[in-house]
Amino acid sequence: MPEIKVTPLGAGQDVGRSCILVSIGGKNIMLDCGMHMGYNDDRRFPDFSYIIQNARLTDFLDCVIISHFHLDHCGALPYMSEMVGYDGPIYMTHPTKAICPILLEDFRKITVDKKGETNFFTSQMIKDCMKKVIPLNLHQTVQVDDELEIKAYYAGHVLGAAMVHIKVGSESVVYTGDYNMTPDRHLGAAWIDKCRPDILISESTYATTIRDSKRCRERDFLKKVHESIERGGKVLIPVFALGRAQELCILLETFWERMNLKAPIYFSTGLTEKANHYYKLFITWTNQKIRKTFVQRNMFEFKHIKAFDRSYADNPGPMVVFATPGMLHAGQSLQIFKKWAGNEKNMVIMPGYCVQGTIGHKILNGQRKLEMEGRATLDVKLQVEYMSFSAHADAKGIMQLIRMAEPRNMLLVHGEAVKMEFLKGKIEQEFSIDCYMPANGETTTVTTNPSVPVDMSLSLLKREMALGGPLPDPKKPRTMHGTLIMKENSLKLVSSEQALKELGLNEHQLRFTCRVQLQDPHSDADTLHRIYTHLKNVLKGYTIQHLPDSTVMVESIVIKVSSSAEDSNTKVLLLSWSYQDEDLGSYLSSLLKKGLPPGLC
Amino acid sequence: MDRECVSALPRVCEVLAASGGSLPDDTSLEKLLDWFTELSEAGVSLLEACPCLLGFVSAVVSNDAASEPSVLSFTLKLTGLLAASEDGFKVLQDSVLDRVFDFRHWQAAGLWEDPCIRIGWIQGLRTMLQHSQALDFFVQADFTEPLLQLQTDTSLFVASAASQTLAHVLLLCQSVPSPEGRHRETIPVETDGKYSAVVAGFCDYLKKSLVPKEASQLHGSQQVLKLLAKLLTRAGPPLRDRLLLTVSDPLEELVTTNYSQLTLPLMDVILAAHSCGGGERVARLLSVMLSARNPADLVHAAAAFLRSSHPDPDNRARSAGVLLLPLDVITGLALLGADSSADQHRSSVMEQLRRKTSCVSMICISLTNVPQVTSTAPDCLPCSPAEIVSAVLSVLRLCSGDSPSSSPGCAEVLRNVTGSGRVQKCALDALSALSSSSGVKVLLVEVFTLLIQYLNSPASDPSVIQKSYQVLVKWVDVCADLSDVTEQLREDLVQVVRKRVCDVRWEVRDSTVEFLGHLAAAPASLASDKEKARNALECLPGGRCATVPLLQEALQDPEGYVRASSVSALALTLAPSWQQGAAPPQQEAEIVTRLLEILSQDTQGFSRRAVIRFFVAWISSCSSPSSCSLLTQSIPSILSRGSADLDWEVKVHTLELAELLLDRASESRRHPYAVTPDRTSTHARAVESDPVSMLNSLVDQGVFSALLSGLVDCDRPVGLKACQLLIRLRDTVCPLLLGDQDVSDALVSGSRASCELPGCGWAREVRRILGTATAPRNVHGADGLGPEDRGEEEEEEPAVRVGVCDALRRLRLDERLAVLAQSSDHVHNSPLSLLQDILTVSRTKTHLDSQLGQEVIVDCY
């Protein structure tokens, strides 16, 4: 039986370093190629040696597909293509291809800054890697080769995020990447066809959570920022360059406008212009509201949000600053944090997850005294808030997607094991399908039962209908008779006459023959007549004819009699029948072998 | 070990032993184990230094039902580490060792299903097996059996770890210390019965499992072969001979049964056996592998043999024949000569080539291994490297559909390769690798012609175009003399470059611009004009004059990458003219203006970085300030824009420019009688005679401001570089001022070398350090609003002047350097930081459980 194998090298019961190998119909596809920010050594990248042994990655993989620009999904791509040496096709959507290098550059710079690492991919490598990328359009089927095809669907989550449907012959897999089933301020909700894949590989970040409405979180966020500003405090929001930063900017911009607030909002590192550029360029990937209002007013052209200069951090009075990086582990956000940490009027809002070792992680877990460079201790007096604005489907959303795609099997990745376990139970119970949650390095094998689509000629269908019986029902299997022909890689069921015509063949008849010896002291003609009489008596309900050409016919079976040359009492019966009457022919031969009963005339 | 860590560790152990829920960060435990491993490798006795660890292990294993699998796995690995020393082993043997490594217990408890427990068990064992007591323990517990089973585990990680541990055990049993072994003792060679039982058990297993009885056992055979190859490569003679004796029959059976999936691992085993003198039988197996398999497996086996660099002329010749056969068949070029042994496979190769998937794969393997084929001694090769190049060129022609194959019956095969990007890329890689083979230069024109065709073809995808350019540069590089390339071809190349530099795809434009840069850097000449041409670009019609406008145009490209490449290519193109003398003034002015625009306006860091590098290269080549006066005048703008950039790498490159200017200044000062090209230069004379003038000149150029602004930058590399340069300036120039003149004079001179610090931006921070900041103003008015709330612009403090040397002494540079040199990363990597994180996470979780706060969910970044 054909099988589909799924092996996560990353994202198997964890988050970070998403990298999933799918083997389907003899093709090997790598889904995402992410890095783990929690490590500073080789462990941050997936270890490809497990899958390729001594072979070349290019020879092993048929393609790599990147779902979106977050580093846990694309951070290892330049390492894979330029350092390990993968030279095959890489697919991602247009916005992802445009934004990915910015994030990779940021990550490279932070890594090189932090550790002064030299054994790391360079700017040139990022560029060379991006040059190998083939962009995807939504809903456009791309033929990777003669057998493998892929199709991207909108996933929400971040600009350009896509789910991907991978198909080889009649087998298929859907990989969701990260997705969001509810629209937010700048993006729409994920959507997919009822494509009934053999496996749906879904993220499960919020596997056990039914998230409160986004509106509530937004209200809380604005309330906290406003309160802090009102009491003259400064608010730091550490963000990554692109993504939720823009969503929060829209939120604050609208609020400032409505409330007529004057305190400045700054966005560091000149990314506002860059972000603007990409959101404008890929306006079709944003949500309906933004697309509609774009003509009158571009939501990403902010009146209140200005570019930040490092000296502003020392300015007196309240302000809101968006600064990178998002985990407070280097650069501008860390510098501002150090300046503001000592004042309890100030506030830092962490809008996402921070890995162990970062200042973000420490303060989120309540550390109030931080050891900084040179053994200096930083007293954290400012208010620390955590508000996750990451756009992932919650448990309800995941179930909704399953209902949409109707998969035959489910496989969970990108989440915590305990939470996955819970969701797995729910899925198996509600949808009666198998649900898997392999750990990293573990291979899940799903046996597929590929149904081979066959076209049927209308005339054959009509003929079958004419024979009576119930009308064809797609849900009830029914046996059909015809000739299966394969033409131009497709199968067609037609009547045998049509098959002969289409294939330009002559009809041949296949007949079985056998000889039976019989002791009968009569003439040949009498013996034949005796046989006729005998069969008339034995075979009721069959058409039996004694023909003038000295043959007896029972259905399609022909019987002839001749005397043996040596002994005229020994008669040789020649039986011949077509394949339709095979059973009857066999029966007759064994019947006649027994001899004719006495008393026949 | 840090005192604070020692005091925090017991609490961490308590927290981990009691953790019922998962840790929020899955990396903490691995990092903790890294730290213990580092300590142990540094010679610290873990059980002595951290006595709490023993209690921790006992607590976890005695309460395994309540423990988190990741903590259990960590405990298994930690136990192995603790028992890796003989003293530690003894302590553990008396207490928990049996229980920790009792896999049946883990199976019975239902925990074995979790791969992290299996990994923990294997890695714990592997770490522990460093001494004979540990090996005795392993043998007595009979762990070989479960390890053999785990070799075919559903988890790749478990299977690989099991295989490595088995190899480790067997090598340990045969007494040869592994090369990576640390404190490892050599176990006596006269391995007694207990160790030989392990080897015997393993040999039995090999006999039984090497040959698969059914398809489902193929994976098992594959794993055993991998382990066997590992062992044969590393084992000493007694074990190696024993293994060889055991496996020779099954190997023979495998070689003759033709399991395609086993070809490569089987080849690895045979090669390992062959390398260690496996005898005639192995040699025979090798020759069967290289001659009597189906063509698809044969090319794999031949490639593996050539990659092994085994100096066996017969087999090298045979392998070369096997790999060249598909090229011979598809191109119709007689590469193999008349009596090649590979020829017997011709019809079956043709059969394989008719099927698309196997065709592409087989041709790609042949092409990928062409460099190995040509590295074979010429007398083993059936044809010359030039003929192989011709074959590769033919494949490329077939791919582009430009030429029919001269091979009979090849129509279907042609359909399979026509337009195949994979074959094209492999062929281009092969062509690149072949450029340095002997006797191939005669084909330069043919290579040029074909590559230009590829560059011109509308069907070529961007990566094929990029590779074509790279191959072209490689051939130009190797051949250097381009006399054979006709004028027409060179003209064609210029035409195609003109076309591609305007391509709609940025990838193509970028590759084209990069190509021009590479040509400018590739030394080349024409026999007719040897004196003039010094690089490949100048050998093209129109030379530099034809390409500079193209590159200048590309400076306006909408894609940042292309702009950056054109800046770099321009630098390479113009470099010879800088060395020869000034660039034409008009061109210089245009370029400087455009580059300054990019530096101040471009949204992409790559382009701005390239601009600074351009200026660094230009100034380095500039022989005297007067020969590139416009550039010299632009230095203050470059420095001020570069040091105000948002990208720290631009700032670091700007500091490199500052360093260059500093070098220039000090060189001139240090060698007052050195012959400089322009002795009349006022600048040179000034710095020679007077360090104060030199300082003033650096201040005027903006070097000092750039260094000060870098010093207070938020990005560590910028701060570090600036600090180092400022220290250098302080240590080289300021003492001279004191030494050369009397102190009072020096103070006066020092005050003469001064700079202005404005009241905003980076200067405000510097002023704060220097203590020259004005008193803080009352920023909040009666309405309680700050100036921003009132819509006021930021108020700028008046500028102040500071003496350069005075500032350099008061900036506490050495103190700063010590902090900056530490790297901000030490916070993230320090063990104390890790221990504190584990403790605070646990507190937060407890707090959350009791008070229902917002849980930090690991989502994405």
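Student: Is A:Trp577 buried or exposed?
Tutor: Buried means under 20% relative accessible area, exposed over 50%, and partly exposed in between (1.4 Å probe, protein chains only). A:Trp577 has 6%, so it's buried. A:Phe512, at 30%, counts as partly exposed. Keep in mind that this is a predicted model, where local features need pLDDT of at least 70 and side-chain atom pairs count only at pLDDT 80 or more. Residues are numbered from 1 along each chain, and chains are lettered from A.

Student: How many aromatic pairs does the structure hold?
Tutor: Rings of Phe, Tyr and Trp (its six-membered ring) pair if their centres lie within 6.5 Å; planes under 30 degrees apart are stacked, over 60 edge-to-face, the rest tilted. There are 33 pairs over all chains. One of them, A:Phe512 with A:Trp577, is stacked, at 6.3 Å centre to centre and 25° between the planes. A:Phe512 sits in strand β26 and A:Trp577 in strand β30 of chain A, so the pair ties together parts 65 residues apart in sequence (strands are DSSP E runs of at least two residues). The B:Trp112 and B:Trp121 rings have centres 5.4 Å apart and planes at 80°, so that pair is edge-to-face.

Student: Are B:Trp112 and B:Trp121 buried or exposed?
Tutor: B:Trp112 and B:Trp121 are both buried. They belong to one aromatic cluster whose members include B:Phe89, B:Phe101 and B:Phe143.

Methods:
Heavy atoms only, no water. Helix = DSSP H or I, 4+ residues; strand = E, 2+ residues; numbered from the N terminus.
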